[in-house]
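Please keep the sequence and the model in view while reading.

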Amino acid sequence: MNKFQKEAYKLRLLKLANLKSTGAPGELALRFDISERSIKRIVREIRDEGINLRYSTVRRSYVTEEEFQ
């Protein structure tokens, strides 16, 4: 995965998180056709950039911190 692809995955993940429809990390990995480990690495990078992204077990989706309630 090159840098351009990784940035595209980040944008797609954030759009899905805003819609609260990412699914579990394994489901998201299947949707993006990458490994679950890559999903977790991308999530960590998004968090390192200062975006409050969390996984909601109730919604079974990544969501932004404001929507985490």
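For helices, an axis is a line fitted to C-alpha atoms over the stretch in contact, and an angle runs from 0 to 180 degrees between N-to-C directions. The model is predicted.

Helix H1 covers residues 3-18 and helix H2 covers residues 25-32; their axes are 12 Å apart and the packing angle is about 130°. Angles of 65 to 115 degrees count as roughly perpendicular and those over 145 as roughly antiparallel. H1 and H2 are therefore oblique to each other. Their crossing is right-handed. On the H1 side the contact is made by Tyr-9, Arg-12, Leu-13 and Leu-16, and on the H2 side by Leu-28, Arg-31 and Phe-32. Sorted by type, the residues of this contact between H1 and H2 are five nonpolar, no polar and two charged.

Helix H1 also packs against helix H3, which spans residues 36-48. Here the angle is about 80° and the axes are 10 Å apart. H1 and H3 are therefore roughly perpendicular to each other. From H1, the residues in this contact are Lys-6, Tyr-9, Lys-10, Leu-13 and Leu-14. From H3, they are Ile-42, Val-43, Glu-45 and Ile-46. The residues of the contact of H1 with H3 comprise six nonpolar, no polar and three charged.

Apart from neighbours within four places in sequence, Lys-6 touches Met-1, Ile-42 and Glu-45. Buried would require a value under 20%. Lys-6 and Val-63 are 57 residues apart along the chain, and their C-alpha atoms are separated by 19 Å.

The next topic is the aromatic rings. A pair of aromatic rings is described by the distance of the centres and the angle of the planes. How many aromatic pairs does a search of the whole structure find? The search finds two. Tyr-9 and Phe-32 form a stacked pair, at 5.3 Å centre to centre and with 20° between the planes. This pair joins distant parts of the chain, since Tyr-9 belongs to helix H1 and Phe-32 to helix H2, 23 residues apart. Both Tyr-9 and Phe-32 are buried. The other pair consists of Tyr-55 and Tyr-62; it is edge-to-face, at 5.3 Å centre to centre and with 70° between the planes. Tyr-55 has a relative accessible area of 25% and is therefore partly exposed. Tyr-62, at 5% relative accessibility, counts as buried.

The loops between the helices remain. Where does Lys-20 lie? Lys-20 is in the loop between H1 and H2. Its phi is near 60°, a positive value in a residue other than glycine. With a relative accessible area of 29%, Lys-20 is partly exposed. Asp-33 is placed in the loop between H2 and H3. Asp-33 also has a positive phi, of about 60°, although it is not a glycine. At 69% relative accessibility, Asp-33 counts as exposed, the cut-off for that class being over 50%.

Key
Residues are numbered from 1 along each chain as its sequence is written. This is a predicted model: local features need pLDDT of at least 70, side-chain atom pairs count only at pLDDT 80 or more; totals for chains, interfaces and linings use all residues. Side-chain values use heavy atoms; hydrogens and water are left out. Helices (H or I, at least four residues) and strands (E, at least two) are DSSP runs, numbered from the N terminus. Angles under 35 degrees count as roughly parallel, over 145 as roughly antiparallel, 65 to 115 as roughly perpendicular and the rest as oblique. A crossing is left-handed if the near helix is turned anticlockwise from the far one by less than a right angle, and right-handed if clockwise. Contact means heavy atoms within 4.5 Å. Ala, Val, Leu, Ile, Met, Phe, Trp, Tyr, Cys and Pro count as nonpolar, Asp, Glu, Lys and Arg as charged, and the others, Gly among them, as polar. Rings of Phe, Tyr and Trp (its six-membered ring) pair if their centres lie within 6.5 Å; planes under 30 degrees apart count as stacked, over 60 as edge-to-face and the rest as tilted. Buried means under 20% relative accessible area, exposed over 50%, partly exposed in between (1.4 Å probe, protein chains only).
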